[in-house]
Structures are given as C-alpha cells and as structure tokens.
Amino acid sequence: MPHYVIVLFIALFSLQASAADYPNVRVATLQHGTVNWEMDVIHHHRLDAKNNFTLDVMPVGGKDSSAVALQSKAVDLMFSDWVWVNRQRFNNRMFGFSPVSAAAGGLYAQPDSAVRSLQDLHNQRVGIAGGSVDKSWLLLQAYSKQHLGRDLKEVIEPVFAAPPLLNKLMYDGKLALSLNFWHYSAKLKARGFKPIITVEEIIKGLGVETQVPLVGWVFAEGWRQNNPQLLGQFLTASQQARHILLTSDAEWQRIRPLMRVKNDEVFDALKQSYRAGLLRQFERTELDALDKLYRIMAKEGGAALTGGAEQLDRTLFWLPNPDGGVIQLDTGSAQ
C-alpha cells in the first residue's frame, strides 16, 4: 500500500475517532418549530464538531413535552421562555436560561376590517395563542388599561386556540382579529392581513424601550454545573448559526424546504421577522427592563402565570463566555 494512502487512512481514522469522542448535547425541539432552522444550520456547517460536541436533536410534540423531557433528563436543553424558568426556580426546581430572541407577534385584523386601533375593538372575537396567561395577551391587557383605561376582557370575546388553528380561522374569515406568535403573525402579514399593534410596540408603550429577550435556551442548573464548558460550546455554536442566518441570504434559500412556505411573500416575511427578532445584546440594562416587564405581567397574570413568584430571579441568566464555558450576567439590583 502506498505511503500516502496509509497516511490518508490514518488521518481519516483519527478524524472519525475524535468526532466519536465528542460529548453529545441533547436538545428538545418542537416538530416543525422555527428553532429547527438553527439546528439544521449547526448540522450543515458542522458547528457542533467545530465546537467539540455532537448535536443530538429530539423532536417533541409540544411545549409540555419539551419540559417533561428536560425534567426527566432525557434531554439537556429545550427552547422556552424565562418566565417558565423563574416559576420553576421559585418552587426549588433549578433551571437556567440563556437568551436568544426577542421575536414576538402582534394583533392582526382581517384585511377589510374597520378596526384601526385598540380603541376600535368592540365585541369582536379575538383569537389568542398560548392560553389565558399568554405573555403577549397579558401585555396587551396592561397596555389597554394604561393607555385607554379599558379592560379588554370586558370589550372583546377572547378565543384561545393553538397557533395554526388561529391562522386557519383568520384565513377562513371566522375570526375578526388574532394575537399570535411571531412566525404566524408574519404569515398573516404576508397574506395582507392588517397589523393593529405589534408586541414590540406594546412593550415600548409600557415604558420598556430596550429590546428584551422572550425566549432562549433552558437547562438544568445541575447539568450546567457539571458541564459548563459543554454548555458554553453549545451556546457558541447556537450564536454562530444565528449569525449565519442574520447575514446570509443564500443560507435561507438552503433551508427554505424546512420552512414549508408556499410563496416568496411568506418566505420573505419569515426571514425578515426572524432577523428583526434576534437579540443584539443582553446586559444590565436589558435585565432591568425584564424586571419591569415581569412585574407588569405578574400583575395581570397572577399566580396562574407566576406560580407565586412575585419577583424575577435575576440570577437565572447565563451567557456563553468568549474564554470558554458560561458566565452569569452581573445581576446587580433592579433600578
């Protein structure tokens, strides 16, 4: 056997062996959820191997299934919101959170609707995703009380349903308005439905001017303590994948089949909304803003939302450390 063939064989064998030695990071993702776009980018560009781990994605059927998988240690991370983490910590179930996205939806009306603002809402059926303690719904109620002096629950008929069903009801003209998650709102916008107010506008109207995270990576504190370097490597790969999606139009064309879009208008709306929602930074200012936002939501949602946690646990936030591992955000005190 020629010498160069032997050298090549040894090199390939060593590469396979080293890849096999990488520790697995097990991640729960919703089937057809948008976070799968990021997971695909990590796999395609081998960002897991470049960061010395192997990504293992476990599709699950719903948000509750993700939580069960994480709590039973069937996975290491899931994609969820910090309010859930805060509630768990209050009940001595210790999880941590690393912020990813501020992407949020909005309130949309039928294209020919006479509704132009919240002031015009009277006795309409309004679809709401996420249930009676959905964060966007609570913030919209607080906004209406603060700016209009109106309790929305007294002037509209809320219809709580799953996000895909709400969009179908909107398409079929069976709902006057809908408050849905960002990717479903983007689809409504692309099909000509009328934006009334976005969650971003609601948050600003409540006095929170800085961009704040709504969702991110959730992990057990015990796992973080045992695997700080591994968590940091995963979060770094996650950041790298999002940077590719932020800067590369070609990458969006590559993942387009995953998005299951039927036309260019929906494709472009999803791409623009995703990019607009990516969190630019998370420091003390953003944490103070979250503190304020949590107090507003807690007042509206009560124990059904908070589980009794009247305050935000400012120690739950973790970021990837450029020097390796993770660092806890300097919490300070609420301003």
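In the predicted model, the axes of α8 and α13 approach to within 8 Å and cross at roughly 140°. Angles over 145 degrees would count as roughly antiparallel; α8 and α13 are therefore classed as oblique to each other. The crossing of the two helices is right-handed. On the α8 side, the contact is formed by Trp-182, His-183, Ala-186, Lys-187 and Ala-190. The residues contributed by α13 are Glu-265, Val-266, Ala-269, Leu-270, Ser-273 and Tyr-274. By class, seven residues of this contact are nonpolar, two are polar and two are charged.

Both helices also contribute to the lining of the second largest pocket. This pocket has a volume of about 570 Å³ and is lined by 26 residues. Ala-104, Thr-198, Glu-200, Ser-273 and Ala-276 are the lining residues that lie nearest the pocket centre. Two or more lining residues are supplied by each of β5 (106-109), α8 (182-190), β9 (194-198), α9 (199-205) and α13 (264-277). The largest share, five residues, is provided by α13. The lining comprises 13 nonpolar, nine polar and four charged residues.

Key: Residues are numbered from 1 along each chain as its sequence is written. This is a predicted model: local features need pLDDT of at least 70, side-chain atom pairs count only at pLDDT 80 or more; totals for chains, interfaces and linings use all residues. Side-chain values use heavy atoms; hydrogens and water are left out. On a 1 Å grid over the protein atoms alone, a cavity is a set of points where a 1.4 Å probe fits but cannot get out, and a pocket is an open set with protein on both sides within 12 Å along at least five of seven lines; lining residues have an atom within 4 Å of a point. Grid points are joined across faces, edges and corners, and a volume is the space filled by probe spheres set on the points. Helices (H or I, at least four residues) and strands (E, at least two) are DSSP runs, numbered from the N terminus. Ala, Val, Leu, Ile, Met, Phe, Trp, Tyr, Cys and Pro count as nonpolar, Asp, Glu, Lys and Arg as charged, and the others, Gly among them, as polar. Axes are lines fitted to C-alpha atoms, for helices over the stretch in contact, and angles run from 0 to 180 degrees between N-to-C directions. Angles under 35 degrees count as roughly parallel, over 145 as roughly antiparallel, 65 to 115 as roughly perpendicular and the rest as oblique. A crossing is left-handed if the near helix is turned anticlockwise from the far one by less than a right angle, and right-handed if clockwise. Contact means heavy atoms within 4.5 Å.
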